[in-house]
Amino acid sequence: KEYAVAVAGATGAVGGAMLDVLERRNFPIKELRLLASERSIGRKLTFRGEQIPVQLLTKDAFKGIDIALFSAGGDRSLEFAPAAAAAGAIVVDNSSAFRMDPEIPLVVPEVNPHAIAQYTRRGIIANPNCSTIQMLVALKPIYDKVGIKRIVVSTYQAVSGTGTKAILELKNQIMAYAADKPMEVKVYPHQIAFNCLPQIDSFLDNGYTKEEMKMVNETRKIFEDPAIGVTATTVRVPVFYGHSESINVETGSKISAEEVKRLLATAPGVRLVDEPKQGLYPLATDCAGNFETLVGRIREDDSIANGINLWVVADNILKGAALNAVQIAEKLTADYI
Ligand code: A2P
Ligand code: 11C
């Protein structure tokens, strides 16, 4: 069977990656509709060697569509996703707009594929935040084996998470530095080149950023475990593609580093890269363009009874967004539609 697919936000960083992933994974498509703002009308994008014109994202743009992948920002999702669902499409939404809605499933296919069944309630499935997705892909096998009581995570997040304009800002700042010229600071509150910003998104009254609280709340929803402790510090670093994460977990019972390595060596979506003495550990430069979540630096944390440390890296645009969305669409076609 082949499907009519729409991509809302097709001209963006994630939208473009969605087209790439649909092509690379040979998704069965009979019609592909590309949607964006009026700025992009007249543009054509290439898919499977064909030039497809970009159309305007409107509430009427979804007639005859089976699956609509949304990545045009949360406001557009709030405005247009319910209309797409009303027109009969199943929406896979990459924004944060619907993630914590109890009627809308929040899915990482390697972690909670059963939740997809809930799509019938509102016709929408939410794609989690990139930093949550890669963390849970790496932690799921440990969670299933010995349980996890508490997660302490610090992230090192690439500028592509902010979108095309931030990729340009980092490039321009690096070029300005090399040319001994002043740097322009527009997208982030401070210079991002040669810097680390302990702020991703805006601050909440509890002192955490929205990005940090997404990691807390989304983890609880996806693991269906409201009691799991999660505390996060999320940091923007001058990397173009690939989020890195230092993760410390307190497990429910003792597990050795060797056992964790054995579990992760065969875990879905994971590539174990853990030969540190040979200089082999996960790197952002190795994850860019790849589908797997790289895991390494696996060590026991001797400061507590049952603790493990890991270093987890994934392409934030692929597994963190476009690939996860397409994997959800694949599960839908395999098991539901
Ligand atoms: P456009 O290119 O026409 O502005 P990124 O995250 O890389 O900045 O991409 C954002 C995506 O969301 C782009 O495809 C962009 O389309 C789309 N988008 C932004 N605002 C709107 C809007 N008001 N209506 C439709 N699409 C929008
Ligand atoms: C970042 N995690 O790296 C953000 C981008 O909730 O989908 C994705 C924001 C979201 O900046």
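**View 1. An open sheet of 6 strands in the order E9-E8-E10-E13-E12-E11.** The pairing in this sheet is mixed. Strands (E, at least two residues) and helices (H or I, at least four) are DSSP runs numbered from the N terminus, and two strands pair if DSSP finds at least two bridges between them. The edge strands are E9 and E11 (270–272), each of which pairs on one side only. From one strand to the next, the twist averages 20°. This is a predicted model, in which local features need pLDDT of at least 70 and side-chain atom pairs count only at pLDDT 80 or more, while totals for chains, interfaces and linings use all residues. Residues are numbered from 1 along each chain as its sequence is written, and chains are lettered from A and ligands numbered from 1 in the order in which they are written.

**View 2. Strand E8 (residues 148–157) with its partners E10 and E9.** Strands of a sheet pair through backbone hydrogen bonds, either parallel or antiparallel. E8 pairs with E10 (residues 243–251) in the antiparallel sense over 8 bridges; here Arg150 has Glu250 of E10 as its bridge partner. With E9 (residues 229–236), E8 pairs in the parallel sense, over 8 bridges. Thr233 in E9 is the bridge partner of Ser154, and Val152 stands opposite Thr231 in E9.

**View 3. Helix H3 (residues 130–146) across the sheet strands.** H3 lies across E8, E9, E10, E11, E12 (293–300) and E13 (307–314). The helix runs at about 30° to E10. Axes are lines fitted to C-alpha atoms, for helices over the stretch in contact, and angles run from 0 to 180 degrees between N-to-C directions.

**View 4. H3 packed with helix H6 (residues 257–265).** The angle is about 120°, and the axes are 9 Å apart. H3 and H6 are therefore oblique to each other (angles under 35 degrees count as roughly parallel, over 145 as roughly antiparallel, 65 to 115 as roughly perpendicular and the rest as oblique). Their crossing is right-handed, meaning that the near helix is turned clockwise from the far one by less than a right angle. Ala138, Pro141, Ile142 and Lys145 of H3 and Val260, Leu263 and Leu264 of H6 make the contact; residues are in contact if their C-beta atoms, placed from the backbone, lie within 7 Å. By class, the residues of this contact are 6 nonpolar, no polar and 1 charged. Ala, Val, Leu, Ile, Met, Phe, Trp, Tyr, Cys and Pro count as nonpolar, Asp, Glu, Lys and Arg as charged, and the others, Gly among them, as polar.

**View 5. H3 packed with helix H8.** Their axes lie 8 Å apart at an angle of about 85°, and the two helices are therefore roughly perpendicular to each other. Cys130, Ile133 and Gln134 of H3 meet Lys319, Gly320, Ala321 and Asn324 of H8. This contact has 3 nonpolar, 3 polar and 1 charged residues.

**View 6. Helix H1 (residues 13–24) packed with H8 (residues 318–335).** The axes are 9 Å apart and the angle is about 50°, so H1 and H8 are oblique to each other. H1 passes H8 in a right-handed crossing. On the H1 side are Val14, Ala17, Met18, Val21 and Leu22, which meet Leu318, Ala321, Ala322, Leu323, Ala325 and Val326 in H8. The contact comprises 11 nonpolar, no polar and no charged residues.

**View 7. The 16 residues around ligand 1.** Gly12, Ser37, Ser40, Ala72 and Gly163 come nearest. A residue is near a molecule if its C-beta atom, placed from the backbone, lies within 6 Å of it. The shell divides into 5 nonpolar, 9 polar and 2 charged residues.

Definitions and conventions: Contact = placed C-beta atoms within 7 Å.
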